[in-house]
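Please read it alongside the structure.

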Amino acid sequence: MIYDSLLIHTKIWNNLLSSVNSGRLPHALLFHGNDGTGKEAHAIELAALINCESPSDNGACGDCPSCKKIKSFQHGNVKLILPYPRGKISSADDPSIRGLTEKNIEQLREMMVEKGKNPYARIEIENARTILINSIREVKKDLYMSSIDKGWTVVLIFDAEKLCIPQPTGANALLKVLEEPPEKTIFILVTSEVSAMMDTIRSRCQQIYFPPLASSFIEEKLIQLDLSEDKAKVISNIANGDIRLALNLSENIDELFNDLKLMIKACYSPSPSTWQAVTIRTSTLKRKSMSELSYFFRTSILYMRDLHLATNESSNDHFIFTNLTDHFRKVSVDYPHANWNECINILENTFENIQRNGYLPLMITAMLIELKQQIVGEKVKPFSINDWIL
Ligand SMILES: [Zn+2]
């Protein structure tokens, strides 16, 4: 294989292997499913397999000259199409490279090197909002001009929904060749937003759905990367089947736990002064991106979920924050009337309202008042943050 660290979707991969072995590989495939499921890497593995000089039963050898070139995106038969910025492009006949600045080209080169090593790395050019018709025309010209060389020509199209948005010019340019590609040519379109794609494109491809990876699968992977078991468990649950997100989160795990600490402090604190800290922190996260803010909420929701289990006397094995077992037991005794399910609803509603452009400081303050009511009721029981350690 090309990647040692790719989490293989066994069923999908075996089906692809048998299509290759029986000579029935479709000429257009559409890999779709959530982010961070390894779709792009599986596409690269397939491109490598059908060009490999000594493939094994499981896939490409990873070592032959062809595999090595594919790893570094330097294989003449493997073409990569990505969304590009318009840059200096003024007509549909201009070469697509005119869309890129020198800085873009340099970054693109670095991202490709990284992608050759890390199956979950992103290749994404700043300000690239669409797949340009220029890129499609170039590939088409290439396909029809190149002599029938040995091996397969593979056209990889990443972020393929960008063929259709904001305008479907790229998609329209692709339609005909997608239907009748030259011999020994295969298109692999990859997207996390299949619903944004035109039916005419989708129907010309064999669609393969990549389901989210199981949390236990991701957890195992994180432990292999030397993360402690409790942290791996928390991250794999927040990541929700997205290994790319899980790997990113594992680099910022301390920040994530500090944020949770802040949130918990505010929930139990008798003094609303702690609330300001939550407002400031959530504003900062939102400014970075809505996704960053969503991790804050997801972490808090998982914490409340564990408390709900603790109150219902679930066994410790069911906790996600396995390091907080004692804390959960203590809280469930100290606050026997807390309604943790309702707390989860409050958190979910607040995040939804913020996404709908609700005024964040107001939403967060209202949320904390409601949470406190659900947890401590009218009477406030003092709680010390030193009672537990993350
Ligand atoms: Zn090989």
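Two strands pair if DSSP finds at least two bridges between them. Helices (H or I, at least four residues) and strands (E, at least two) are DSSP runs, numbered from the N terminus. The model is predicted: local features need pLDDT of at least 70, side-chain atom pairs count only at pLDDT 80 or more, and totals for chains, interfaces and linings use all residues. Residues are numbered from 1 along each chain as its sequence is written.

**The sheet.** Val 155 stands opposite Phe 187 in strand 4. Strand 3 (residues 153-157) and strand 4 (residues 185-191) run parallel, joined by 5 bridges. The open sheet has 5 strands in the order 2-3-4-1-5, with parallel pairing. Strand 2 (78-81) and strand 5 (206-210) are the edges, each pairing on one side only. From one strand to the next, the twist averages 20°. Helix 2 (residues 39-51) packs on the sheet and touches strands 1 (28-33), 2, 3, 4 and 5. Its direction makes about 170° with that of strand 4. Axes are lines fitted to C-alpha atoms, for helices over the stretch in contact (C-beta atoms, placed from the backbone, within 7 Å); angles run from 0 to 180 degrees between N-to-C directions.

**Backbone exceptions.** Most residues other than glycine have a negative phi, and most peptide bonds are trans. The peptide bond from Ile 165 to Pro 166 is cis, with omega near -5°. Pro 166 sits in the loop between strand 3 and helix 6 (169-179). Two non-glycine residues have positive phi:

| Residue | Phi | Loop |
|---|---|---|
| Phe 73 | about 55° | between helix 3 (65-71) and strand 2 |

Key: Contact = placed C-beta atoms within 7 Å.
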